[in-house]
Amino acid sequence: MDMNNVNIEEIVKQVLAGMAGTAPAASAPAAAPAPAATPAGAIPKTAHVAVLTEKEHFDIKEYPIPPVGDDDILVKVEGCGVCGTDAHEFKRDPFNLIPVALGHEGTGEIVAMGKNVKTDTAGKPVKIGDKVVTCMIFKDDPEITMFDLNKKNVGGADVYGLLPDDDVHLNGWFSDYIFIRGGNFGSTFFNVSDLDLDSRILIEPCAVLVHAVERAKTTGILRFNSRVVVQGCGPIGLICIAVLRTMGIENICAVDGNQQRLDFAKRMGATMSVNFMEHKGIEALAEAVKEQFGGHLADFAFQCTGSPVAHANIYKFIRNGGGLCELGFFINGGDATINPHFDICSKEITIVGSWVYTLRDYVTTFDFLKRANAIGLPMSELITDKYPLEEINEALKKNLAMTGLKIAVVNK
Ligand SMILES: NC(=O)c1ccc[n+]([C@@H]2O[C@H](COP(=O)([O-])OP(=O)(O)OC[C@H]3O[C@@H](n4cnc5c(N)ncnc54)[C@H](O)[C@@H]3O)[C@@H](O)[C@H]2O)c1
Ligand SMILES: [Zn+2]
């Protein structure tokens, strides 16, 4: 399949079609209550799930909590970030999932689990009371990314928050309880009890940047003290800066047209910033970046906007022999015009693309967050707005309005 002609909607459709054929129903109820389960009465009989019942509208539905089988886990949800994919589904239902329980950037506390559940996907012991996250990456190879078309895993991923509705119903993190299925279902989940709630909500987007920086490192160009441009200071660019900063890279120049975001970029670890609104034309803008680096162009650049013009511009910031990581196009944003002679060939630029993450990056992200918090980066300030579950429609509208950074639904 030619990746140039594939867009995320087609891929997700393919994944979901495969899942509909392969996903078994919930594990059979345990014959006897699991010994590790919390005492009877502590868990309600029903859960509240935000179900997208039509475009731009969630209803909070009440469903019975299924019996927890020997391999299953019941999690009391604490919170869940709103992702661009959720907004996409909310607005247009491109994946044809309605009615669907959305929310995949969630976290919560184990309140019941079957007797066979001893460890998480990384082999770390789990017990009732532990805080967990799920991951949308298939579990049989830690190095492969989601929807890896070269491996035959399409159709095997279990994306809680994008599962077709079924008898279990408790399939998304925009809810007060989520049911993590065991057995052959292929769920991947991690014990992240040593992270605070905000950090846990940020794991998924941070994993995107841990992966991007790992991809950048494969060029051999990104090194300690490299001069780095991060273009675009939305959540993705800001987290990119934080990941670089925790790696000891300090010569970071942030580029954006939004001064508030550029100011935040400095608090995240950028040492310099350039507001493109203050410079007319790409030559002047490149000069401004060069000036920030004391007369040098960047060794490496990260493209963190969904703008084709930004992609075309970024080459002008990079020195001969430098590198570029393009990660701004999670979805098809259209074509960009570059001059292959001037921009790539004669400059000998090394380019890597980056999309989503591997299971290994997901685990590395837990350490990244601890380090970022330890050195005082204002990670939790990335979550600008928190809504209770019953205001989920407002949360999605806020995300679509793009007036905050990370929007989250947090249960009381
Ligand atoms: N690679 C992946 O797996 C992956 C995962 C998630 C998101 N993304 C992509 O990352 C991109 C950024 O995500 P976000 O949530 O931060 O988006 P965002 O829209 O919040 O931020 C983009 C920022 O880029 C700035 N910008 C726009 N044009 C610019 C230009 N010419 N020069 C400099 N800055 C410019 C905007 O002012 C804005 O601050 C999105 O396009 C998204 O598709 C990729
Ligand atoms: Zn997401």
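These legends accompany close-up views of a predicted model. Local features need pLDDT of at least 70, side-chain atom pairs count only at pLDDT 80 or more, and totals for chains, interfaces and linings use all residues. Residues are numbered from 1 along each chain as its sequence is written, and side-chain values use heavy atoms, with hydrogens and water left out.

**View 1. The chain as a setting for the close-ups.** Of its 412 residues, 55% are buried (under 20% relative accessible area, with a 1.4 Å probe and protein chains only).

**View 2. Phenylalanine 58 meets phenylalanine 174.** The structure holds eight aromatic pairs (rings of Phe, Tyr and Trp, the last by its six-membered ring, with centres within 6.5 Å; planes under 30 degrees apart are stacked, over 60 edge-to-face and the rest tilted). Here the ring centres of phenylalanine 58 and phenylalanine 174 lie 6.4 Å apart with planes at 85°, so this pair is edge-to-face. The two residues are 116 apart in the chain: phenylalanine 58 belongs to strand E2 (residues 57–64), and phenylalanine 174 to the loop between strand E6 (131–135) and strand E7 (177–180). Phenylalanine 58 is buried at 3% relative accessible area, and phenylalanine 174 is buried at 0%.

**View 3. Phenylalanine 300 beside phenylalanine 302.** With centres 5.1 Å apart and planes at 50°, these rings make a tilted pair. Both phenylalanine 300 and phenylalanine 302 are buried.

**View 4. An aromatic cluster.** Take a look at Phe190, Tyr357, Tyr362 and Phe366, which form one aromatic cluster.

Note on methods:
Chains are lettered from A and ligands numbered from 1 in the order in which they are written. Helices (H or I, at least four residues) and strands (E, at least two) are DSSP runs, numbered from the N terminus. Buried means under 20% relative accessible area, exposed over 50%, partly exposed in between (1.4 Å probe, protein chains only).
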